[in-house]
Amino acid sequence: MLKPKWRGKLLLFLWMAFFCFNATLTLASHMIAVEIRAKPVDCQARRYEITLIAYVNTASSVAFGGGEQDTLSFGDGTSLLVPEQPATIIDPILNIGRVQYTVIHTYAASGYYILSYSEYARNEGIINMDESEFTTFYTETGITISSQHCDSSPYLTVPPVDRACSGIAYYHNPGATDPDDDSISFSFILPKSSTDKDVKNYRYPNHTQFYTSVGINYNQANENNNGPPTFVIDAADGTVTWDAPGSPGEYAFAIKITAWKFNETDSAWVESGFSIRDMQVLAEGCSNNKPELIVPDDICVTAGTAVQFTIPASDPDGDLVSIEAFSDVFSLANSPGKITPSGSPLQSTIAPNDTASVQFTWNTTCLHIKGQPYKIVFKVTDNPPGGPRLVQFKTVSIKVIAPVPEIESINVNPVSKSVTLAWSNYPCKNIQSFQVWRRVAEYVYDQPECNNGMPYFLRYTLLATLPGNVITYTDSDLSIGAQYCYRIVALVGENKIPSRISLDTCLIPKPAEAPVITNVSIIETHEMNGSIQVRWTSPFDIEKTQYPPPYAYKVYRSNGWENNTFTELTQDPISDTVFIDTPVNSQTFPYEYRIELFVPTLSTTPIDTSSIASSVFLTAESQRGQIKLTWDAQTPWSNYVQTFPFHLIYRSDQGLNGPFILIDSVDVIKSGFEYIDEGKFQNQRLVEDKFYYYKILSRGSYGNPSISQPLENYSQVVASAILDSKPPCTPTVVIDKMDCSNLPCDTDTYYNYISWSYSDNSCLEDGLTYQVFEADAEGDEFILLTTVSDNSFRHSNLTSLAKCYKVVAVDAAGNMSSQSEAVCNDNCPYFELPNVFTPGSEDGRNDQFIGFGPENGASRCARFVKQIDLKIYNRWGTEIYSTNKIVPKGGTFLWDGTSNTGRQLDSGVYYYSANVTFDVRNPAQQTKIIKGWVHLIRNK
């Protein structure tokens, strides 16, 4: 690979810049990365092993831990100071050491806990944040403790020990794995200095500042000099790529590794915990090129299969290289993976000895089965004669899948027509249970190699979950003429990881020796005079010599689903195989039907009965701007048919009787029995205040080649309209101005009363509610205070009247008006001083020069006074007393008749100037200067 042109020209400058930078860096810096690992010791007791892992510069004089602020917090309100910890050297050339500190902690209750470590301070001179040497280092880990599971945090296997070269792409991978078999993802987050505070002025390492400051063309600063630099992370495997560093120096970045659990109730992934690697990397000027690795594609194997592959390495400069591998597969208790040669020796990349490679071997067993693949991170490091060593990371995923169960036999009982499945003994001893799945009508599907478990879109029904030592199942709930297909899934290990599905086994256990219902279709929708067509086949598989034709039938109906209260509709047997059920309420609820078979030449009593089949029942839900349709049917045939997957959507805007137009279709195998009409048909949006009428044509199959398909059946017609999307009118709001002169002087709580109205009666709607928003000033952010249904609101228990309000109207459909104009109130300040006081009087009254209070009447008492700056002068204009007083609650004492030196002043007339600050919104009323005189009278 050609070296970047700009790197050669700037190399001397970069080395000089880095030398000056690093002269002070080495002594002050000690932190490279810190992470927290949490592992349960006793789930029932909620006891956890908490391990703090740090990578440090052993050449630094600063130790890890031992400081007054070096705190490990457990997330439950408790914490401890981490004592000073020695480092174990893991790279003597780069002076890198590893610190590990472990404690046991017990949590009092289940919950979500965020553990953290903080230390003062970060390394000095980190160039992509401000004042790093005065910034607290802070990192976190999150865990979930509950009755269902006690989680471990994801842990990291790759040390963050590599340096970067200016102009050469830098790579890092934390080698994360999750002991709980959770899915994990990777993302960047901003480094923090506390729980809710990011470091000061953080810039990602590819910020323009770190290129233009040293004369690098930012638009050509990647390794190939053909684009701007990038700084990205692979969300799936965690590889960080910085293509390419610019200015030499120490950079910080943080990776969040998030663990996700699959919630089977809503098929959603839920965050269960996380770990953070907050690390520094040193970029230097150099003339090296990075080595390369070649890895195979991701691998899927069945447990018990041996995995073996070779990872070759090369280096464009012909440097010696070492190859390492990081994964939890190397620490497995049972049959761990192996790397040959071990110990990451230096290997040649120059011919004829360019055989640098490692061989990975792993004999998988059933104990290795997991839901998530194993990640093996391979790292190659070159060994140049001088300058930083460069690395490359590549990840290989290996998914170990449980073996496929093998169905040995499937037998039909000739009398009961029940089906008994039998399958082979399972090869895994840690089998927990078997799932038995069934569907009507075959779905041809070859499961991809890496997929396991029953895919939802196949629309199989789970019949049973059986213990792992049970290898047979009998199915008796079967319909006449239907083809049934069975598959088995094994659940293996403590986490019950599903195997791949077994091969499909299909059969028709109950031949058509009785009528087979093929249609229950709504002809006319009406609450009294509706009609439904019921159609069936003759018993085409019946033994005709034993039961000679012709045949006759009786039709029975039951209201609703699974009510099983059937009423005879045909007084006498009929010979036809179609029946129109009318008049009937076909609008309100579904119906179920069954057909009895008669052989008139043999008997007047029925000899057999069909399976039960229902009509298709449709419901419509009004939504804002759209209408949601859902439907269902209880039928012996399948309405999820691979060859006819689409159900048809018909709509009319004229009425129950149409005409109806086909507006769309739904692939029910993918989407289920649901459709949302958003008004896309012919690009005609749905109109408010207009009813639309819908019916569905379902399509199904028995999977029986003797029964024609698709079986098409109409639902009843339903009517619906979209929810109103027009916002209500904006209310006009007024606020009552309080007359403070009528309030008691000693009150410290107030209220604001606001009301609103519409000038146009057309704005009035049923079901309106109102959201009231509050702010301290008109320009502040308005916060939702309350929601009321009246057209007024009293905001009580206020210590200040200085508030602003806005109101939003909300209609029954959830539409919101715009915010009203703000209405604001202000405090009503008042302050008045007397013109006489008598300090030292025998009656003990009027001894202090003080603002008017309750004794002077409600209209004159002091209100909303924050501060008073008072100056007292004698008759010659000389200042004899001053005070700057923050007015306390419950009093405004100002002067007791003494001078600034504490001498009692004689009786006489004195003059004052009071600069009073009021608690009001209006700036013009916030200060007032009050001047006057006061007569001081002393009793002799």
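I started with Cys-165 and Cys-286. They form a disulfide, with 1.6 Å between the sulfur atoms. This is a predicted model, so I note the distance as computed from it. I then looked up where the two partners lie. Cys-165 is in strand β10 (residues 164-165). Cys-286 is in the loop between β19 (268-284) and β20 (292-293). The pair links distant parts of the chain, 121 residues apart. Buried or exposed? Cys-165 and Cys-286 are both buried.

Next I took Cys-300 and Cys-450. A disulfide joins them, S to S 1.6 Å. I checked its handedness. The torsion about the S-S bond is about 115°, so this disulfide is right-handed. Cys-300 lies in strand β21 (residues 299-302), and Cys-450 lies in the loop between β30 (431-440) and β31 (461-467). The pair therefore ties together parts that are 150 residues apart in sequence. I looked up accessibility for each partner. Cys-300 has 13% relative accessibility, so it counts as buried. Cys-450 has a relative accessible area of 33% and is partly exposed.

Then I turned to Cys-43 and Cys-150. Their sulfur atoms are 1.8 Å apart, and they form a disulfide. I found Cys-43 in the loop between β1 (31-42) and β2 (47-57). Cys-150 is in the loop between β8 (136-145) and β9 (155-156). These distant parts of the chain are linked across 107 residues. Cys-43 is partly exposed at 44% relative accessibility, whereas Cys-150 is buried at 10%.

Last, I looked up the total. With sulfur atoms within 2.5 Å as the cut-off, the count comes to seven disulfides.

Terms used. Residues numbered from 1 in each chain as written. Predicted model: local features only at pLDDT ≥ 70, side-chain atom pairs only at ≥ 80, totals over all residues. Heavy atoms only, no water. Helix = DSSP H or I, 4+ residues; strand = E, 2+ residues; numbered from the N terminus. Buried < 20%, exposed > 50% of the residue type's maximum accessible area, 1.4 Å probe, protein only.
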